[in-house]
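Okay, thanks for coming, everyone. Let me put the structure up and we'll walk through it together.

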Amino acid sequence: MTWIVHSLWLVPAMPLLAAGLSALAQRTHRLLTASVAIGSMSLSLLLSLIALAEVLRFGSQDATKHVFNFGWFQVGSEWLKIGWVLDPLTAVMLVMVTFVGLLIFIYSVGYMAHDDNFARFFCFLSLFAGAMLGLVIANSLLLLFICWEIVGLTSYLLIGFWYQRPSAAAAAKKAFITTRIGDLAFLLGMVWLYSQAGTLLFYDNGAGCLEHTALIRLMTQTTTFGMAASTGIALLIFCGAIGKSGQVPLHVWLPDAMEGPTPVSALIHAATMVAAGVFLVARVYPLMSGHGGFDLSPASAPALKVVTWVGAITAVFAASIAVAQDDIKRILAYSTVSQLGYMMLGLGVGGVAVGMFHLITHAFFKALLFMGAGSVIHGCHEEQDIRRMGGLRKLMPITFATYAVGMLALCGFPLLFSGFWSKDAILHAASTWSASRAPFYLAAFGVLLTAFYMTRQVIYVFFGESYRSEQAVTPPHESPSIMTLPLVILAGFSILLGLIGTPAWPWFSTFLDGQQVQFDLRGFAESGVLAVMLLSTVLFLIGLGIGWLLYGNKPAESRAASDPVEQFTPRIFNLLRNGWFVDAFYTATFVRFTTWFSVLCDWLDRWVFNGAVQIISSLTLGASWMSRSTDVFVVNRIFDQSCQEATLGGRLLSRLQGGRVQSYLRIIGIAFAGFVLFLICGHHG
Amino acid sequence: MSFAIIAVFTIAGAIAALTLRNLVHCVLALVLTFSGLAGLYLQLGAQFVGFAQILIYVGAVAILIVFAILLTRTHEPLAGLAVSPGWITSVLVAAAVFGILAWAIRSSAMSILPISPHPEISVRQIGDALMSQFVLPLEVIGLLLTAALVGAVTIAMREERREK
Amino acid sequence: MTAPVNYLLVSAVIFAIGLAGALVRRNAILVLIGIELMLNAANLNFIAFWRYSPNPEALTGVMFALFSIGVAAAEAAVGLALIITVYRHFHTTDLDRIDSMRG
């Protein structure tokens, strides 16, 4: 066991430490918090690279997971164990999270430079990074869940970062509550798993819940509807992923989460946190697929079928909504939801490698797109409506160039850009799925829509005449290099990452499997690969073409007019713009019910429980009043009377002391007489 | 017979000493009482004591009392009664004391004691006794008298002298 | 010869008179006079008992009486000095007015 496996805990620990330090720092210690955050993230990146190198080194020999487990606490005679694991999946995710995170941290220094709460921002960012990294390395479902929740917390804190804005506070609350619903199912699945498998560790030298013995037991045990226990648990855990990754029907929080600052949107809601759901499914894939190991061949497991369908529906659903949005970040948000659907689809039909590859490439180009959008917003003086932008191609060249790279990667421009390869892998796997061809058609339609709405966005923002607003004083300007440099780096990776996943050299998938990889052009000759590549290219060009046709040659004045699609089909456009009215539906049903229920609880609390408490308190008051009156009127009176009698007695006795000698003498005389009498009588008697 | 007369004089003098209004008259009655008592002592054969009684009591104590009366004379006459309120209690107390004493005397052995002959005591015998058997009490009495007189002088001294 | 009992009775009478006077009269000097009378009555008692005692040669009664006279004289001196001092303070010899020690 090498030292890196032993010290893997440092990777999340350092950002957490940075968060702790930043929490203690004052609001004015901007340089301190930023440098601590960036420094810790750089160290984590370094360690992650070392871990990756280590995995590369021993990955060729054996595909076993290198784990480090220890007991956390004892309950009765059982130990609750947690630990971390270093395997190829962990390594790639670590490198991606730390690298993209570091770039976004650096970007945030420029983006949040004018904000008062700079230090608080970096504290929360570091906390998020630490929790996310902890989630990645976790070998125990419990530890993963803990980090999952912390990540959800930081998402809430960061979405509502500008909490004085009511919309931001509401969005944060919505995000937290929606993901909570998924987390509840996750918790149920976790409890069920523990009760069946007896352990929550993933890998524990054969005793883990993802290893052979436990899986056999889970698969053979049946529960309601004839469903295997493993399927039930897998579906419950997948519900958690639905919430966190914004799949339909729990997608409603992601577009509203754009209320947060753009670096937050880039890091959390594009690259990493929403990818945690996908990562979770990849992590518990043996449970989902009902097979041990990373199966490339699609399994007929029911859980994976559900995953596939949910992913496919989400991909098309969100892409359709993105067509009708006007806020630059909202388009990207819906795009993220759509791409997450693609990832789930890939996991369902193609296995871990297919889904994870798209996750990695998506992280890079979506972060790039968000950061580019942030640069545009910053340059246009906080303007977010794309209809009020235009012609930024000449005014913000670097931003335009990098944004274009990101857009092409997202749409899947053939061969050059990483998005093409990853999306193709998904489409290929979907086309050969044994259960149904419908997800493939849905995914293909989604490709068309993606190209269309991204083209629309880019044309609105960067092409045409510059929009002259009456309020704008200065024209839009390019962002400072601290913001554009990360854009350039990410753009480079968006291109280069494609190389590791081509069919000719499937390094990524074989790396995850722990096998050797060979460069073989015959990979292209596999059934359907070239056909799918061709199909996706055609779809991309059609989408681009329609977009250019509808929006490309319009002069600036017609921007004020309504959208061409809207003119074409106003009712469908309205439906799409309002997100298929899902939000409205939820408000009318669940929210209303919750409000009514809370009113009921308030009534209960106010009248029933409070009434009981009041009764008890008035009883107590009455008892105390009685006790007090007893004290005042009875005890005091007795006491006062005895005091009075003592005083009276004293006064009476003091009359004996008249101060006159003769009265004393008199008394002495009487006493003397009595004494003598007593002596005499006593003597005689 | 003589006993009865002397006794009557003594008792009358005693009563007078304590009931007269004028204090000097009281002292004179007191002198009469002392003399009567001296007579009784002589009758009992204690001549030295009798003469010592005259010397000391009549010659010194009575004069001393006269001096004290003269020094504490107030100009206004005695207001109200000469007796304090509640004098009946006092008289009753005294009467009770007398009654008890009389009863004790009556029932004691002295009432049936025979009359013994007169003892012949000379002054020389008294002197000898003083110097031999009762020398300690004699010295003590001397000290006592000294202390008492020094004390009396100190107490009765004028206050201005004390401040010096 | 008179019976010894008579002497004792006389002494008792004088004692009672002295006591009554000391308790009744308001003037302080008269109280002192009463005390002197009581002492004298006691002296008479002593001598009477000495005279009729079985052993008069021992002179015990006489000595007692002599010393009693001496002590009485000393006490009268001190008492009168006290009365003078009290008179100087209170400007009266009326015992009923000297009650500053009252409780």
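Housekeeping next: residues are numbered from 1 along each chain as its sequence is written, while chains are lettered from A and ligands numbered from 1 in the order in which they are written. And this is a predicted model, where local features need pLDDT of at least 70, side-chain atom pairs count only at pLDDT 80 or more, and totals for chains, interfaces and linings use all residues.

Let's start with chain B. Its secondary structure comes to seven helices and zero strands, with helices (H or I, at least four residues) and strands (E, at least two) taken as DSSP runs and numbered from the N terminus. Take the contacts in chain B between residues at least 6 apart in sequence: 49% of them join residues at least 24 apart. How much of chain B is buried? Of its 164 residues, 28% count as buried, meaning 20 or more other C-beta atoms lie within 10 Å of the residue's own, with C-beta atoms placed from the backbone.

Now, who touches chain B? On the chain C side, 63 residues are in contact with 67 residues of chain B. H3(C) gives the most to that side of chain C, with 20 residues. By type, this side of chain C divides into 46 nonpolar, eleven polar and six charged. For the record, Ala, Val, Leu, Ile, Met, Phe, Trp, Tyr, Cys and Pro count as nonpolar, Asp, Glu, Lys and Arg as charged, and the others, Gly among them, as polar.

Chain C also meets chain A, with ten residues on each side in contact. On chain A, helix H27 (residues 661-684) supplies the largest share, five residues. That side of chain A splits into two nonpolar, six polar and two charged.

Staying in chain A, look at helix H5 (residues 118-137). Its 20 residues reach 29 Å from first C-alpha to last, close to the 28 Å expected at 1.5 Å a residue; the expected span is 1.5 Å times one less than the number of residues. H5(A) is mostly covered, with 19 of the 20 residues buried.

Last one: which residues of H11(A) meet H16(A)? Among them are A:Thr262, A:Pro263 and A:Ala266, and the H16(A) partners include A:Ala363, A:Phe370 and A:Ile377.

Note on methods
Two residues are in contact if their C-beta atoms, placed from the backbone, lie within 7 Å. A residue is buried if 20 or more other C-beta atoms lie within 10 Å of its own, exposed if 12 or fewer, and partly exposed in between; C-beta atoms are placed from the backbone.
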